[in-house]
Amino acid sequence: MLFVSTRGQVGKVSSAHAIKEGLAGDGGLFVPQTLPYLSLETILGMHALSYEQCAAKILGYFLTDYSTEELAECTGAAYSSEKFGADPAPLRKVGENCDVLELWHGPTMAFKDIALQILPHLMTKAQEKTGSDFRIVILAATSGDTGKAALEGFADVPGTEIIVFYPEDGVSQVQKLQMVTQTGKNTKVFGIRGNFDDAQRGVKEIFGDAALETELKECGWVFSSANSINWGRLAPQITYYFKAYSDAVAEERIRPGEKIIFSVPTGNFGDILAGYYARKMGLPVKRFICASNSNNVLTDFINTGIYDKNRVLNKTVSPSMDILVSSNLERLLFDLTENDAGQVAEWMKQLNTVGKYQVPKDVAERVRDLFFAAWIDERETVDTIGRVHNDFEYLIDPHTAVAWRAAEKYRLLSSDDSYIVVLSTASPYKFCKTVLEGIGKAEGLNENNPFDAAHRLAEETETSVPPQVTALETMPILHKDVIAAEEMAQHIKKTLGIAQ
Ligand SMILES: *Cc1c(COP(=O)(O)O)cnc(C)c1O
């Protein structure tokens, strides 16, 4: 299988090339030229497979230049029980004809682990396959979640180095602790004096610095990114849609072939797009619910056909969805315009210059047929956490609450009583304070002790603090450097041992 760019200005490439490069040379995103189609029998058979077998099967349709053994190696390393427990994506029976797919059993307690645990393995193999013997340096600026998930994924993966920059005063206490205690011989974490934009701007400048690139290449290093536009991050997310469906049939929640609904808390549009591809591959899905917080650019786009990023970015209690440009939407537009790369390139140009574009009526209708969009405000998010806990004795994090509430809105507006799977993207223990507010137990928390909220949540809900959080209390701080944004390049060279 070959991959093309959504902007049509580069030739077809192999999957190894697409994964190695991340972004296409014309600024577009790599997409598979065709999609495989799976019979219902094949889909239902996935229930009997382990998660890693299922992932190897799905990846096998796309990464045709990787051997079966190589894919088994990658999925085996990524989805072991030490990393994800018994099941990386269990389907929990929760509500009336509405279940929750828990995607946060990985090392950093967020769904990004599912892709970022495997990406490093796919990337190092891609280096070999494309005949490159450079070692990879992953650079990431992070506002919290992505940096830690990338660190965990790349830690001690041979042939890679990962360097993460976080704004010193722009991440939560737990997020900071998660990063500064990171182990692994090839990991390095820097605090940046400034905010997230300063850190991100610094990384972008380094990616565009040709002299630095040459200097690094001479020493055997090449930069890469673990950004969510990489096909190697998207493809692994297709797996859990199939697995969840086969599990729901096996548990008699639905009949074989019955069309169902997925409600997805959405930011960069990567998670929900993987579901869209699963549907095109034959998965019986009626609709997707695209759930947003008050950064509701996608809700407006789906309802009007106009994408307009000219608005302020709100800081919300579901921070991993605080985003104004949902990059992966470009892939959907490419597909819905029958691969009209010229048109997609024109819209992306408008987005860059005037911050806005409008798709024609027929495209807007196709979007609306398949996606129901709703956005949830802060109060509703917190209330939903409390209500779900009260009604079903089930704890959800704020991102999952957004998807749950959006699903309720869909039911009310559509009177459609189809079976719904709500994707749960983070553990409630990642957002203890907001979850405690939801269940009405947040009074008098000790703001100076980041673990106070976790212990209280455990006591109040008779659940246990996950080992990933408990471990942080005693882990030594390994990364103490705080630097200015202007010093980033210098510190990268120092880390790689090519400067003093
Ligand atoms: C990244 C993230 C999302 C959004 O996923 P996208 O693929 O960017 O749409 C939702 N919830 C959590 C917890 C996340 O970390």
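## The second largest pocket

Helix 5 (81-84), helix 8 (145-154) and helix 23 (467-472) each contribute at least two residues to the lining of the second largest pocket. Helices here are DSSP runs of H or I with at least four residues, strands are runs of E with at least two, and both are numbered from the N terminus. A pocket is an open set of points on a 1 Å grid over the protein atoms alone, with protein on both sides within 12 Å along at least five of seven lines; a cavity is a set where a 1.4 Å probe fits but cannot get out, and lining residues have an atom within 4 Å of a point.

Before going further, please note that this is a predicted model, where local features need pLDDT of at least 70, side-chain atom pairs count only at pLDDT 80 or more, and totals for chains, interfaces and linings use all residues. Residues are numbered from 1 along each chain as its sequence is written, and side-chain values use heavy atoms, with hydrogens and water left out.

The volume of this second largest pocket is about 780 Å³. It is lined by 33 residues, and those closest to its centre are W104, M109, P466, P467 and Q468. By class, the lining holds 13 nonpolar, 13 polar and seven charged residues. Here Ala, Val, Leu, Ile, Met, Phe, Trp, Tyr, Cys and Pro count as nonpolar, Asp, Glu, Lys and Arg as charged, and the others, Gly among them, as polar.

## Around the ligand

Now to the ligand, which has 15 residues around it, with K112, G267, N268, D271 and T425 the closest; a residue belongs here if one of its heavy atoms lies within 4 Å. This shell has five nonpolar, seven polar and three charged residues.

Polar contacts (pairs of N or O atoms within 3.5 Å; within protein, one must be able to donate a hydrogen and the other to accept it, and residues adjacent in sequence count only if both atoms are side-chain atoms) include one from the side chain of K112 to a ligand oxygen at 2.5 Å. D271 uses a backbone N or O atom, 2.9 Å from a ligand oxygen, and the side chain of S320 has an N or O atom 3.4 Å from a ligand oxygen. The protein covers 96% of the 390 Å² of accessible area that the ligand has on its own (Shrake-Rupley method, 1.4 Å probe; for residues, only the protein chains shown count as cover).

How many cavities of 30 Å³ or more does a search of the whole structure find? There is one. The largest cavity holds about 60 Å³ of space, a volume being the space filled by probe spheres set on grid points joined across faces, edges and corners. Its lining has six nonpolar, five polar and no charged residues, including T266, G267, Y307 and M321.

## Helix 11

At the start of helix 11 (residues 210-218), a side-chain oxygen of D209 comes within 3.3 Å of the backbone nitrogen of A211. Just after this helix, G220 has a positive phi of about 90°.
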